[in-house]
Amino acid sequence: THCISSAASDVYKRQVPTQDLEAIQVPVLVYHHARDGCEHCQASDTPAILRGLARAPVKKLMVVHGGTYPIGDECAGQHWPGFIGIEQEAIAHITSWIQTPAP
């Protein structure tokens with residue numbers, strides 16, 4: 001099982017959609033906050049990640065809402081990309097999916 005942080009674009013070309021996603025042959029969860037404002041992690045870019053996971057036997061996109069009081073850099077852990085205010089919920093979602101991967 002593999003979990004992907006969904007950075008979808010950056011100036012250094014390290015974004016997930018440009019990686020060799022087709023080489024991944026294990027279940028993959030892409031977990032993303034709907035309000036993520038980081039220019040490198042737009043929820044609208046996550047379908048490109050799923051398309052690239054052609055050989056993953058199970059793949060799922062979970063877009064979550066909620067949280068409270070993001071502060072600082074929109075791309076940092078204390079803002080929506082860090083699931084601020086819903087950390088325990090995020091951990092529970094991810095852990096549950098890893099234990100029983102399902103589309």
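Where is the place of D45? D45 sits in the loop between β2 and α1, and at 28% relative accessibility this residue counts as partly exposed. Along the chain, D45 and V16 are 29 residues apart, and their C-alpha atoms are separated by 9.9 Å.

**Basis of the report**

The structure is a predicted model, in which local features need pLDDT of at least 70 and side-chain atom pairs count only at pLDDT 80 or more, while totals for chains, interfaces and linings use all residues. Residues are numbered from 1 along each chain as its sequence is written, and side-chain values use heavy atoms, with hydrogens and water left out.

**Overall organisation**

The secondary structure of the protein comprises two helices and three strands. From the N terminus on, these elements follow the order β-β-α-β-α. Helices (H or I, at least four residues) and strands (E, at least two) are DSSP runs, numbered from the N terminus.

Of the 103 residues of the protein, 31% count as buried. Buried means under 20% relative accessible area, exposed means over 50%, and partly exposed lies in between (1.4 Å probe, protein chains only). The protein exposes about 6,000 Å², of which carbon and sulfur atoms supply 53%. Accessible areas come from the Shrake-Rupley method with a 1.4 Å probe; for residues, only the protein chains shown count as cover.

Among the contacts in the protein with a separation of 6 or more, 67% are accounted for by residues 24 or more positions apart. A contact means heavy atoms within 4.5 Å.

**Confidence**

The mean pLDDT of the protein is 83, and 84% of its residues reach 70 or more. This score is the predictor's confidence in each residue, from 0 to 100. Confidence is lowest in strand β1 (residues 2-4), at a mean of 43, and highest in α2, at 95. Over residues 1-5 the pLDDT is below 50, and this stretch has 23 contacts in the model beyond near neighbours in sequence. Where pLDDT is low, the predicted coordinates should not be read in detail.

**W80 and D36**

W80 lies in the loop between β3 (59-64) and α2 (87-99). With a relative accessible area of 6%, W80 is buried. Not counting residues up to four places away in sequence, W80 touches H33, R35, D36, G66, G67, T68 and P70. W80 and H32 are 48 residues apart in sequence, and 9.0 Å lies between them in space, C-alpha to C-alpha.

D36, one of the residues that W80 touches, is found in the loop between β2 (28-33) and α1 (46-52). Beyond residues up to four places away in sequence, D36 touches C41, Q42, E74, W80 and P81. D36 is buried yet has no salt bridge, and the nearest side chain of opposite charge, R35, is 10 Å away. A salt bridge is a side-chain nitrogen of Lys or Arg within 4 Å of a carboxyl oxygen of Asp or Glu. For charge, Lys and Arg count as positive and Asp and Glu as negative, whereas His and the chain ends are not counted. The side chain of D36 does reach the backbone nitrogen of C38, at 2.9 Å.

V63 is found in strand β3 and is partly exposed, with a relative accessible area of 36%. Not counting residues up to four places away in sequence, V63 touches H32, H33 and A34. V63 and A34 are 29 residues apart in sequence, with 5.7 Å between their C-alpha atoms.

T46 has its place in helix α1. At 2% relative accessibility, T46 counts as buried. The C-alpha atoms of T46 and V30, 16 residues apart along the chain, are separated by 7.7 Å.

Most residues other than glycine have a negative phi.

Notes
Polar contact = N/O pair within 3.5 Å; in protein donor to acceptor, adjacent residues only side chain to side chain.
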